[in-house]
Amino acid sequence: RKVSTDKILIVDDEERMCQSLSRLLSDLGYQTKAVFEPVTALKEMESDAYDLVLTDIKMPGLDGFELLKAAKKKDKDSVVVFMTGYGSLESAVKAISLGAYDYLLKPLEMEDLKLTIQRGLEKRKADLEKGKLLDELKNINATLQKKVRELDALYQAGKSISTTVELSKLLPTIL
């Protein structure tokens, strides 16, 4: 079994479901934290970084949509997978439009769940890498723009030097 550094938060108001999923995903090598109260999940997301959140939609108090919004607010690249026993087209459309990665129906097919988690984590890694590369490109672009301005200033000074004969007029232009 390969140990992963990927951290998964499991949220379901059914304690047995949380424990089963936590055991299954831990056996697959993931670091898991299972909570069965959505308010606890919110606190957990605020205090720790998770690569993937696997959450039920219908829970007392806060629902999965609120958890999704909180996860995206903290980290726009967070991956949230919904699982529900009450699937509907309306809730599926809402989930995807709010940025959920996937929407699974209970009872969960374990192979589908494993594949969804694997692909979700791969997407997260790709998104984070893309963000890092974009930041590097922005920095390189800013450096290049600065160099172009410096070269343009030197070019303008050189042009002034070649066309000005009087030294007293040339010095202010160079400065």
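Asp 51 is buried, at 16% relative accessible area (buried means under 20%, exposed over 50%, partly exposed in between; 1.4 Å probe, protein chains only). The model is predicted: local features need pLDDT of at least 70, side-chain atom pairs count only at pLDDT 80 or more, and totals for chains, interfaces and linings use all residues. Residues are numbered from 1 along each chain as its sequence is written, and side-chain values use heavy atoms, with hydrogens and water left out.

The side chain of Asp 51 meets that of Arg 124 in a salt bridge, 3.1 Å from N to O (a side-chain nitrogen of Lys or Arg within 4 Å of a carboxyl oxygen of Asp or Glu). This pair links distant parts of the chain: Asp 51 sits in the loop between helix 2 and strand 3, Arg 124 in helix 5, 73 residues apart. Helices (H or I, at least four residues) and strands (E, at least two) are DSSP runs, numbered from the N terminus. Arg 124 is buried, at 7% relative accessibility.

The sheet is open and holds 5 strands in the order 2-1-3-4-5, with parallel pairing (two strands pair if DSSP finds at least two bridges between them). Strand 2 (31-35) and strand 5 (102-105) are the edge strands, each pairing on one side only. On average, neighbouring strands are turned by 20 degrees against each other, direction ignored. Axes are lines fitted to C-alpha atoms, for helices over the stretch in contact, and angles run from 0 to 180 degrees between N-to-C directions. Strand 1 (residues 7-11) and strand 3 (residues 52-56) run parallel and are joined by 4 bridges. Here Ile 8 stands opposite Leu 52.

Two helices are described against the sheet. Helix 2 (residues 38-47) touches strand 1, strand 2 and strand 3 (contact means heavy atoms within 4.5 Å). Its direction makes about 160 degrees with that of strand 1. Helix 5 (residues 110-163) lies across strand 1, strand 3, strand 4 (79-84) and strand 5, at about 140 degrees to strand 3.

The salt bridges number 13. One of them joins Lys 125 and Asp 6, at 3.0 Å from N to O. Lys 125 lies in helix 5 and Asp 6 in the segment before strand 1, so the pair ties together parts 119 residues apart in sequence. Asp 6 is buried at 9% relative accessibility, whereas Lys 125 is partly exposed at 46%. Another salt bridge pairs Lys 114 with Glu 111, with the closest N and O atoms 3.1 Å apart. These residues are 3 apart in helix 5, so about one helical turn separates them. Lys 114 is partly exposed, at 28%, and Glu 111 is exposed, at 55%. A network of salt bridges links Asp 12, Glu 14, Asp 56 and Lys 106.
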